[in-house]
Amino acid sequence: MAPIDRRQQVIHAAAQSFAMFGYKATTMDQVAKIANVGKGTIYTFFTNKEQLFDQILVEVIQEMKNIAHREVHQESSFFENLFRVLDALLEFRRDHELLVKLSQELKDFGTLQAKAGLDKVEKVTSDFLARELEKARESGEIRDCDPQVVAFMMIRLYTALTADWSKLHEPLSKDEIKSYFRLFLMEGIAVTDKAG
């Protein structure tokens with residue numbers, strides 16, 4: 001029989017607790033109970049709840065990085081890769097119980113740790129997009145631009161079209177979202193004067 005990895009057992013239990021109760025309501029007692037260990041066992045690995053939460057975020061962020069790298073295909077264009085990566089990351093974020101709970105906690109209670117955690121997750125997405133934008137700029141696929149600003153705007157636009165829009169309207173299909181992305185980011189909405 002393989003030895004039990006108590007540290008991983010604690011991390012797994014804490015992830016469950018944070019996903020069920022949120023950051024604010026999770027206690028080390030709950031984590032110990034879910035992990036079926038004594039509270040002292042938790043403290044042999046983590047000095048406090050914040051450190052445990054940070055470790056879980058590190059694992060979530062690594063999972064997101066793996067997804068993003070998996071979705072980038074060298075033979076595809078920047079925009080084809082962009083749509084695949086954004087679809088996969090936002091689907092992951094939408095379906096990941098911890099991230100859903102943190103979003104809800106931030107909205108309902110304004111918990112600073114929930115905001116900080118979500119900000120870390122968004123930064124990873126933004127940094128990844130900025131690196132891909134830089135590559136696309138260097139290869140001549142896109143115009144000269146500030147990759148950080150454009151990455152930020154891409155995330156905001158995608159979030160607006162996928163989540164915010166559907167709060168008041170019928171949700172857009174993936175094809176409609178891609179169409180608006182092309183319109184705003186690739187073509188622009190201005191009618192160009194052919195004479196001028």
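Predicted model: local features only at pLDDT ≥ 70, side-chain atom pairs only at ≥ 80, totals over all residues.
Which residues line the largest cavity?

Residues are numbered from 1 along each chain as its sequence is written, and side-chain values use heavy atoms, with hydrogens and water left out.

Now the cavity. The lining is made of M64, K65, A68, L89, V124, T125, F128 and R131. What do I mean by a cavity? On a 1 Å grid over the protein atoms alone, a cavity is a set of points where a 1.4 Å probe fits but cannot get out. A pocket is an open set with protein on both sides within 12 Å along at least five of seven lines. Lining residues have an atom within 4 Å of a point. The idea behind this is simple. Rolling a probe the size of a water molecule over the atoms shows where empty space is left.

The structure holds one cavity of 30 Å³ or more. For volumes, grid points are joined across faces, edges and corners, and we take the space filled by probe spheres set on the points.

The largest share, four residues, comes from α7. Helices (H or I, at least four residues) and strands (E, at least two) are DSSP runs, numbered from the N terminus. By class, the cavity lining has five nonpolar residues, one polar and two charged. Ala, Val, Leu, Ile, Met, Phe, Trp, Tyr, Cys and Pro count as nonpolar; Asp, Glu, Lys and Arg count as charged; the others, Gly among them, count as polar.

Next, the pockets. The largest pocket has a volume of about 1,000 Å³. Its lining has 34 residues, and L90, R93, T159, T162 and A163 lie nearest its centre. Five helices each give at least two residues to this lining: α5 (78-95), α6 (97-109), α7, α8 (147-168) and α9 (174-187). Helix α8 gives the most, with 11 residues. The classes here are 17 nonpolar, six polar and 11 charged.

The second largest pocket has a volume of about 300 Å³. It is lined by 14 residues, and F79, I142, R143, L185 and M186 lie nearest its centre. Helices α8 and α9 each supply at least two lining residues. This time α9 gives the most, with four. The lining has nine nonpolar residues, one polar and four charged.

On to charges. How many salt bridges does the structure hold? There are 10. A salt bridge is a side-chain nitrogen of Lys or Arg within 4 Å of a carboxyl oxygen of Asp or Glu.

Start with D29 and K39. Their side chains meet in a salt bridge at 3.3 Å, N to O. D29 lies in helix α2 (residues 28-35) and K39 in helix α3 (residues 39-45), so the pair ties together parts that are 10 residues apart in sequence. D29 is partly exposed, at 49% relative accessibility. K39 is partly exposed too, at 37%. The cut-offs: buried means under 20% relative accessible area, exposed over 50%, partly exposed in between (1.4 Å probe, protein chains only).

Stay with α2 and α3 for a moment. The loop between these helices contains N36. Phi of N36 is near 60°, a positive value in a residue other than glycine. Why point that out? Most residues other than glycine have a negative phi, and most peptide bonds are trans. N36 is exposed, with a relative accessible area of 67%.

E71 is buried, at 16%.

The closest N and O atoms are 2.7 Å apart. Both sit in helix α7 (residues 112-138), three residues apart, and are separated by about one helical turn. R137 is partly exposed, at 25%, and E134 is partly exposed, at 23%. E134, R137 and D144 are linked in a network of salt bridges.
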